[in-house]
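Welcome! Have a look at the model below, and then let us walk through a few of its features together.

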Amino acid sequence: MQYKNNKKISIALHDVRVSSGNSGIQMISKLITTIDSPLTIHLICDIQIIKNNKLILFLIEQIKENKIEVVYHGVTHKCKNSIGKFTSFYHNYEAEFLENSLIVSSNTKYAFQNLKMILNQNLGICPPCWISTKENFKMLKSLNPLYVEKMIFIFNQKNKNISPVISLGSSKDKDLFLLKILGNITYLFTFIYPFQKVRLVFHLCDLKNQKSMSYFIKKINYLKSKNFKPVLLKDLLD
Ligand SMILES: [Zn+2]
């Protein structure tokens with residue numbers, strides 16, 4: 001298909017753990033086949049990363065073929081129950097960068113540098129749930145990543161790019177009802193300039209839910225038919 005405009009869509013799979021090994025590889029391969037597009041993997045560095053880890057070897061191979069991009073997505077993906085109580089209905093204590101601590105910043109610095117070294121390239125960073133404290137946001141930017149993602153914007157060294165997120169990320173029918181309405185509102189925005197750099201995000205729980213899968217696939221197919229070019233996340237940016 002010829003894409004003559006600047007409409008782009010990046011499709012991502014969040015919360016893949018380095019420790020997931022073969023099951024992670026199978027999940028990613030299946031999703032790439034289903035969407036027939038490049039896929040951005042948001043990787044949680046939950047174990048020490050070594051080059052002969054099966055999943056890492058697979059990712060390196062796919063990166064070389066431009067089928068995959070890896071984004072750093074934390075070490076634990078969790079925060080303490082004493083933090084962010086007022087917004088917990090949203091993050092459910094899954095927001096690692098809501099905690100300002102030496103442990104969080106030193107773990108992040110080590111894991112991010114290590115992942116970059118092993119994949120032999122600079123990477124973007126996405127705080128879990130797209131939220132962080134001001135201090136942690138500064139810390140993440142000081143690591144000179146390709147970009148840092150937030151819910152509405154993606155920040156690279158020069159620019160702030162508007163990019164809406166379409167995401168579900170729940171296995172509960174009650175949550176999914178509201179999440180789909182929110183997703184549909186965001187989706188409608190993507191047809192209005194300047195919101196035409198769309199991030200469509202699968203979570204692991206979506207892959208097991210047939211209704212969530214068909215929700216996403218319909219949107220991907222429609223966006224492609226409206227000349228949105230599927231790209232890796234780094235290629236969404238100006
Ligand atoms: Zn996540």
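Two residues are in contact if their C-beta atoms, placed from the backbone, lie within 7 Å. This is a predicted model, in which local features need pLDDT of at least 70 and side-chain atom pairs count only at pLDDT 80 or more, while totals for chains, interfaces and linings use all residues. Residues are numbered from 1 along each chain as its sequence is written.

Let us begin with L43, which is found in strand β2 (strands are DSSP runs of E with at least two residues, helices are runs of H or I with at least four, and both are numbered from the N terminus). Is L43 buried or exposed? L43 counts as buried because 28 C-beta neighbours lie inside 10 Å; the cut-off for buried is 20 or more, for exposed 12 or fewer, with partly exposed in between.

Here are the contacts of two residues, leaving aside neighbours within four places in sequence.

| Residue | In contact with |
|---|---|
| L43 | V16, V18, V70, V71, Y72, H73 |
| V71 | T40, I41, H42, L43, L123, G124, I125, C126, L233 |

Both L43 and V71 are among the residues that touch the most other members of the largest nonpolar core, which has 50 residues. Such a core is a set of buried Ala, Val, Leu, Ile, Met, Phe, Trp, Tyr and Cys residues joined through C-beta atoms within 7 Å. Strand β1 (8-17) is one of the elements that give two or more residues to this core, and its share, five residues, is the largest.
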